[in-house]
Amino acid sequence: MERVQAYMREQSVSQTQLGNQIGLSQQHISRWIFGRGTAETRQALEQKIQAWLTKRGATLDHSGAPVLSGRAAARPCGR
């Protein structure tokens, strides 16, 4: 979670923007960041976030850190 938050900051993507891009509310993103909700809900949200990262050319490495590749490394995700 912390690494995804850091990635969001680096790419200038707010919780609201992320929610809009993956079809969830800012409140859902906030609950996930703070570890609230059921395990099933968190897992479903993590899958959506993984798909969002992949769409932008980023992946989570084995430690959970977002890793950019190619052109995605040169452009902010929110733009």
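How many helices and strands does the secondary structure of the protein chain come to? The chain has four helices and two strands, where helices (H or I, at least four residues) and strands (E, at least two) are DSSP runs numbered from the N terminus. Along the sequence, these elements follow the pattern α-α-α-α-β-β. The model is a predicted one, in which local features need pLDDT of at least 70 and side-chain atom pairs count only at pLDDT 80 or more, while totals for chains, interfaces and linings use all residues. Residues are numbered from 1 along each chain as its sequence is written, and side-chain values use heavy atoms, with hydrogens and water left out.

Some totals describe the chain as a whole. Of its 79 residues, 27% are buried; buried means under 20% relative accessible area, exposed means over 50%, and partly exposed lies in between (1.4 Å probe, protein chains only). The chain exposes about 5,000 Å², and carbon and sulfur atoms supply 49% of this area, as computed by the Shrake-Rupley method with a 1.4 Å probe; for residues, only the protein chains shown count as cover. Among contacts (heavy atoms within 4.5 Å) with a separation of 6 or more, 50% join residues 24 or more positions apart.

The packing of the helices can be followed from helix 4. Helix 3 (residues 26–33) packs with helix 4 (residues 39–55) at an angle of about 110°, their axes being 10 Å apart. Axes are lines fitted to C-alpha atoms, for helices over the stretch in contact, and angles run from 0 to 180 degrees between N-to-C directions. Helix 3 is therefore roughly perpendicular to helix 4, a description that covers angles of 65 to 115 degrees, with those under 35 roughly parallel, those over 145 roughly antiparallel and the rest oblique. Helix 3 contributes His28, Ile29 and Trp32 to this contact, and helix 4 contributes Arg42, Leu45, Glu46 and Ile49. By class, four of these residues are nonpolar, one is polar and two are charged. Here Ala, Val, Leu, Ile, Met, Phe, Trp, Tyr, Cys and Pro count as nonpolar, Asp, Glu, Lys and Arg as charged, and the others, Gly among them, as polar.

Helix 2 also packs with helix 4, at an angle of about 90° and with axes 10 Å apart, so these two helices are roughly perpendicular to each other. Leu18, Gln21 and Ile22 of helix 2 meet Lys48, Ile49 and Trp52 of helix 4.

Leaving aside residues up to four places away in sequence, Trp52 touches Tyr7, Met8, Val13, Leu18, Gln21 and Ile22.

Two further residues deserve a look. Ala51 of helix 4 is partly exposed, with a relative accessible area of 47%. Ser12, in the loop between helix 1 and helix 2, has a positive phi near 55°. Most residues other than glycine have a negative phi.
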